[in-house]
Amino acid sequence: MTVAIIMGSDSDWKVLKAAVDTLKNFGVDVEATVASAHRTPQKVHDFVKNSPAQVFIAAAGMAAHLAGVVASLTTKPVIGVPINSEPFKGLDALLSTVQMPGGVPVATMAVNGAKNAALFAVEILALKDDSLAKKLISYREQMAAEIELKDKKIQQEVSL
Ligand code: RP5
């Protein structure tokens, strides 16, 4: 398994599915599990210590300590995804995830930024994988082409 996704609750899955889909589209092996820094700390510990993954994505909402705890257990790159939840709309999770003490970094994405977490993981893996690097270039080119199409449609609307 190349990328491991850990989410604090099954309620986070609706956000994390985008990360799994994106990684699969790039042909990257991925596994995903529910494990909570607060509710199942031993499971988080055992999972991280036993995982062969090269990159971890850790996602949680509210007092989101999961990514930080995962980072404390490994020297592999950890990408944090703060999850939007009531009543603070993800700001609580964003600050809990991003404000790591010096020495234990977490690469924190936007609130609900699961797709970018997957892309960032692919970028890390692509440093040592030419075929993944080429796929990333194609992905960016396709994205730019789609924007150009959208721009053409707007130009048509404007000139009507
Ligand atoms: C966090 O608390 C989870 O990551 C989730 O985002 C949030 C709410 O969890 P549930 O009450 O939905 O299980 O630990």
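A polar side-chain atom of S11 is placed 2.6 Å from an oxygen atom of the ligand. D12 and R39 also bring polar side-chain atoms to ligand oxygens, and the distances are listed below. A polar contact here is a pair of N or O atoms within 3.5 Å; within protein, one must be able to donate a hydrogen and the other to accept it, and residues adjacent in sequence count only if both atoms are side-chain atoms.

| Residue | Distance from a polar side-chain atom to a ligand oxygen |
|---|---|
| S11 | 2.6 Å |
| D12 | 2.6 Å |

Taken alone, the ligand exposes 360 Å², of which the protein buries 74%. Accessible areas come from the Shrake-Rupley method with a 1.4 Å probe, and for residues only the protein chains shown count as cover.

This is a predicted model, in which local features need pLDDT of at least 70 and side-chain atom pairs count only at pLDDT 80 or more, while totals for chains, interfaces and linings use all residues. Residues are numbered from 1 along each chain as its sequence is written, and side-chain values use heavy atoms, with hydrogens and water left out.

The shell around the ligand consists of G8, S9, S11, D12, R39, A60, G61 and M62, where near means that a heavy atom of the residue lies within 4 Å of the molecule. By class, this shell holds 2 nonpolar, 4 polar and 2 charged residues. In this scheme Ala, Val, Leu, Ile, Met, Phe, Trp, Tyr, Cys and Pro count as nonpolar, Asp, Glu, Lys and Arg as charged, and the others, Gly among them, as polar.

The ligand sits in the largest pocket. A pocket is an open set of points on a 1 Å grid over the protein atoms alone, where a 1.4 Å probe fits, with protein on both sides within 12 Å along at least five of seven lines. A molecule sits in a pocket if more than half of its atoms lie within 2 Å of its grid points.

The protein has 6 helices and 5 strands, in the order β-α-β-α-β-α-β-α-β-α-α from the N terminus. Helices (H or I, at least four residues) and strands (E, at least two) are DSSP runs, numbered from the N terminus. Along the principal axes, the C-alpha atoms fill a box of roughly 60 × 40 × 30 Å. Of the 160 residues, 41% are buried; buried means under 20% relative accessible area, exposed over 50%, and partly exposed in between (1.4 Å probe, protein chains only).

Most residues other than glycine have a negative phi, and most peptide bonds are trans. M62, one of the shell residues, has a positive phi of about 60°. M62 belongs to the loop between β3 (55-61) and α3 (66-73) and is partly exposed at 48% relative accessible area. K89 likewise has a positive phi of about 60°, and its place is the loop between β4 and α4. P87 is found in the loop between β4 (78-83) and α4 (91-98), and a cis peptide bond with omega of about 0° joins E86 to P87.

Two residue pairs are separated in sequence as follows. D21, in helix α1 (residues 13-25), is partly exposed at 33% relative accessibility. D21 and K115 are 94 residues apart in sequence, and their C-alpha atoms are 8.5 Å apart. Q99 lies in the loop between α4 and β5 (107-108) and is exposed, with a relative accessible area of 60%. Q99 and G68 are 31 residues apart in sequence and 9.0 Å apart in space, C-alpha to C-alpha.

Note on methods. On a 1 Å grid over the protein atoms alone, a cavity is a set of points where a 1.4 Å probe fits but cannot get out, and a pocket is an open set with protein on both sides within 12 Å along at least five of seven lines; lining residues have an atom within 4 Å of a point.
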